[in-house]
Amino acid sequence: MTRINVNGEAHELVDVADTTPLLWILRDHLGLTGTKYGCGVSECGACTVHIDGAARQSCVTTLSEVGDAQVVTIEGLSADGSHPVQKAWKQHSVPQCGYCQVGQMMAAAAMLRDNTSPSDADIDESMWNICRCGTYPRIRAAVKTAAQELRK
Amino acid sequence: MSHPRKQPTLRETSVRPEPPDYLNRPVPRHDLCTLSRRHFLAGTAAGSLLLMGKGSATPAFADPNRVDVESFAPDLFVSINTDGRVDILAHRSEMGTGIRTGLPRVLADELEADWEQVHIVQAKGDKNLGDQNTDGSNSIRFFFQTMRTAGAIARTMLETAAAQQWGVDVSTCFADTHQIIHRDSDRRIGFGALIEIARTLEVPAVDKLRLKPREKWKYIGKDAPLVDLDDIVTGKAIYGIDARLDNQLFAVIARPPVVGGRVKSFDATAARKLPGVVEIVPLPRYRGLPEFQQLGGIAVCATSTWSAWQGRDALTIEWDDGPNGSYDSQTFAKALKATAARPGTLLRAAGDTEAALEDANRVIQANYSVPHLAHASMETTCAVADVKTDNSGRVTTCHILAATQNPQAVQETVGRAMRMRGEDVLVNVTLLGSGFGRKSKPDYCVEAARLSRELKRPVHVTWTREDDLRHDYFHAISAIHCEGAVNDKGQITAWLQRAVYPSIEALTKRRNKMPAAWEAEMGHTDLPYDVPNLRLEVGRARSHVRTGWLRSVCHIQQNFAVGCFIDELAHAAGQDPFEFVLTALGDDRQLDMAALGLKNRDADPRVYPYDIGRLKNVLRRAAHNAAWQRNSNLPRGQGLGIACCRSFLGYTAHVVEVEVSPQGQLSIPRVWCSLDSGTIVSPDRVHAQVEGAAIMAASHARWGEVTFQNGRAQQSNFDDFQVARMKDAPRDIVVDIVESTAAPAGVGETGVASFTPALCNAIFAATGKRIRDLPLKHHDLSWS
Ligand code: FES
Ligand code: FES
């Protein structure tokens, strides 16, 4: 039996190999399907979550690597979609299909925690997640809006 | 070369038909006569609707109690409940265009419904609803008038009901924001309070309906947030990969690495021992041609996706590759070029091209090629199936829940595999994590159904990214040969063009060996330029992979060639490319599609003319917005490129600005696109589509390539099938939508086609290097 802390709650996992990627634990064992699969090899960022506050790709993070760290997923980013990043995403109508957007928002939220005045170069560097629908210009705009709110 | 048939030139065929009053006429709703609506709704209540309440916290799946059989349902697409709630069916699939919001708003507008009281109900697959293949940029075009008519039917009946209740003339009653108002007395009554009476009324004949005039539109042409926006930003939105049925297993499948291959032998001993693995199930290969059937292979079914995946990777399989086992795309690309160099099958001609090319002083030749491309939808193909059988193994019920662009194709294909009628297959549609044409092909749904039938419990199939890239329905590899002549006045006197690529029809037709007319018409045979001597041909090519349609389809290669070649001609003539293209388009006129043998996507050319004036208009606007004239003064390493086209009945022009460092590093700081797709329903979503189209086209132009060796796709994930990220996507995309009252045309794919030629023309302007073979990653763009 293994314990894992997700969104402030401890969960007990039975019969799960500790080499299992966090992504599939969240999705298939805990029913938290907000975190998405896109590549499985840390190339797309769709599976991005926060581990002890930092953006991490859950597809390449095993259960044993998580240990007793605090995992936050989109379901725990805010209770009601009120995180500045979520609000900015709505304000700019960022999503098209929406599939990549959870990962995008988790990446943005982590970046903005450390840096509330990101330059374009900072955004290019931190926001490497793939959006196949091509919402990048709006993501950039939304990140800047969220940053502004966080600076207030 | 065979002698060209004498055909009229474009000039001779110009026509100016009277445009019919299309947008003021309701469309026939004949399905109402043949279907008992109440029966239909009662039927749908029995678990067949996927309800996703707008603004509700969680999407609700098929709750029978949610559909009130006592509601007023005057049309398949709309029902009104006693509490005033209006349910509108969204029967097209949401994959990022905003159609689940857009089409219902058209109906709501005509109904005068208050959008806050509208719930969107995602329809199951049902041919009574009409075309559900969310593909071909057709949704608004096909259903704009249907939605308005449905809304007008309901509104008219509510007005009549109010008139009856008040004992006044119906002409004095009108609907306004969820209520009917009596003009003379200012009495008001809400929609919900009228449905008792409305239900007893005859459905009015469509010729008795009056549609709202354009200036009264409240929602059409006005933006609203996506109905799924809250769910998306909170992670609650349900896609195919998230679909769950009680007690389901998760499957990951090893498929033959070569199309047409089979399992020779396999050993699942190691896989069986893995924790979570429940069952190993061999899947047969498709019968006959691939169509939308399963590829076959060995499925591992387990208690979680990861266990199934681990199990799949632990299988040892020996494959029989079949006839495509020697397919090598590099060799094939050369063969296509050789074919394009030889005379082909003539599809359209004017004048005497052979003679004109022979007599010309300046003849330009160029060969273009585009490799196989993959869809790489952000969400891979995923579906869950629940198939029940009787004691004899005969299928009794089959339920599919899938991210599909085409639920009716799921019904048909799964129905065939399950030996049941397609209409008896219940197909519910989740959101799609994009699709781009891949999810119109339901092979993955057939896999899920076969596994569920075998295991007698629901089975969810997930394609890994590697599966997705290796077993796609790939965009065709192509070669296009162009020859053209310009005279001393800088006019194009002759144009010969030959397009060679495997046809999509090879999926379903054994004898297919060359591009079909409808494929050629995507940028090739519908060449708009006013050229006196013209030969447009296609050449033979067989398909060795599953060739499918990808956003913008054959416009990808054909408009790349046409848009770059005319730029080459402009430079040969020593003229400014923008002025040259504008002149080459000739007089404002409408092409006579019938005389030119063009099908116009089966659209009535009186409603959807090929209007050169509109094409020139977007070209001028894009050039103006980009301040085109600065092109001649830009320093080396910077350049503008321009291209235009008509695709999916809409018109676009792109100007792309590039910067290329002396070392050959490319960036795309700005893009301008002007688009005329007639009447627009959701302006912000059109902007978003055009932005995304430029970025997708940039991805494909720069890196897009799937190669094959020994019949096997060589790319398998985003490390080797690269797509644009934030840092390398076009930075600033300026979208300009032409205000128009014309009938609504395509948008989603329309934004793609003229981007790539404009990009490559810009690279030429910046570096003097011509790009004729995509992708750009193979080219050294450095300069000194
Ligand atoms: S799924 Fe983890 S980075 Fe792509
Ligand atoms: S919104 Fe569709 S992949 Fe990003």
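In the predicted model, the contact between the two chains involves 46 residues of chain B and 46 residues of chain A. On the side of chain B that touches chain A, two or more residues are given by each of three elements: helix H7 (229-233), helix H9 (305-313) and helix H19 (683-703) of chain B. H19(B) provides the largest share of this side, with 6 residues. By residue class, the side of chain B that touches chain A consists of 24 nonpolar, 11 polar and 11 charged residues.

Chain B also contains an open sheet of 3 strands, arranged in the order S6-S7-S8 with antiparallel pairing. Strand S6 (173-176) and strand S8 (188-190) of chain B form the edges, each pairing on one side only. From one strand to the next, the twist averages 25 degrees. Strands of a sheet pair through backbone hydrogen bonds, in either a parallel or an antiparallel arrangement. In the antiparallel pair made by S6(B) and strand S7 (residues 179-182) of chain B, 4 bridges are found. Within this part of the sheet, Phe174(B) lies opposite Ile181(B), a residue of S7(B).

The sheet is packed against by helix H5 (residues 139-166) of chain B, which touches S6, S7 and S8 of chain B.

Definitions and conventions:
Residues are numbered from 1 along each chain as its sequence is written. Chains are lettered from A and ligands numbered from 1 in the order in which they are written. This is a predicted model: local features need pLDDT of at least 70, side-chain atom pairs count only at pLDDT 80 or more; totals for chains, interfaces and linings use all residues. Two strands pair if DSSP finds at least two bridges between them. Axes are lines fitted to C-alpha atoms, for helices over the stretch in contact, and angles run from 0 to 180 degrees between N-to-C directions. Two residues are in contact if their C-beta atoms, placed from the backbone, lie within 7 Å. Ala, Val, Leu, Ile, Met, Phe, Trp, Tyr, Cys and Pro count as nonpolar, Asp, Glu, Lys and Arg as charged, and the others, Gly among them, as polar.
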